[in-house]
Amino acid sequence: MEGGLSSFWGPVTAAEWCEKNYVYSSYIAEFFNTISNVPCILLALIGLINALRQRFEKRFSVLHVSNMILAIGSMLYHATLQHMQQQGDETPMVWEMLLYFYILYSPDWHYRSTMPTFLFLYGVGFAMAHALLRFGIGFKVHYVILCLLCIPRMYKYYIYTEDASAKRLAKLYVATLFLGSICWLADRLFCKEISGWYFNPQGHALWHVLMGFNSYFANTFLMFCRAQQREWDPKVVHFLGFFPYVKIQKPKSP
């Protein structure tokens, strides 16, 4: 949306959201949509520290790092509203979903090298195609399909998990996804009406914050499930009584 200050980055070449541009700084196009990615980075950093400190498998460290990369890409996109930065936001979104797909399905995959090879080639192919073409609605449909492919496995993990605290993580994952989706849709579909309000609730910024927590809850739940598979005696504990993370006890080597 058009704003007040002059643009440091030049004319807008990317998709805009329901926030006035360059209101608070000539260097940041969508201020709230930019800074709302900070919680995502902090939550991913906390998850990364826990994964490294307890020596979880490298896949989880890569997953947390991918969350941070995605949030940084989103910051650059919303700060500049340039097409190249939008691609730098959208391509990591697909890569991240391919990583989730690997973490969810690889434990039962009998041909170990085929899945990571296929997912890697798929990710490279998508990045090349996305760099050359403007997908528009096609990107959104593609991303939703990737998300839907992960749901059956997440549900299987949920029903086979007996720990009440771990199940609560899964429920928080669903709740933040549901609320975030409402915020995203409201910001996208009712922008004209919202623009006339005295106060803009910044639905897309709320989507970023909720998706930061959504990724953290998903990652923590998957770390718990994987630790169960490895018989590492996982427990969901809470820092300061409310912030959940997974604590494991690996069996001592004989």
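**Ground rules.** I am working with a predicted model, where local features need pLDDT of at least 70, side-chain atom pairs count only at pLDDT 80 or more, and totals for chains, interfaces and linings use all residues. Numbering starts from 1 along each chain as its sequence is written, and side-chain values use heavy atoms, with hydrogens and water left out.

**Largest pocket.** I looked up the space in the largest pocket and got about 1100 Å³. It has 47 lining residues, and M93, Y143, C147, W207 and M211 are the closest to its centre. A pocket here is an open set of points on a 1 Å grid over the protein atoms alone, where a 1.4 Å probe fits, with protein on both sides within 12 Å along at least five of seven lines; lining residues have an atom within 4 Å of a point. The volume is the space filled by probe spheres set on the points, which are joined across faces, edges and corners. I noted that α9 gives the largest share of this lining, eleven residues. Helices are DSSP runs (H or I, at least four residues), numbered from the N terminus.

**Second largest pocket.** This one holds about 400 Å³. I counted 15 lining residues, with V62, W95, E96, L98 and L99 nearest the centre. Helices α3, α4 and α5 each give two or more residues to this lining, and α4 gives the most, six.

**V124.** I found V124 in helix α5, residues 114–132.
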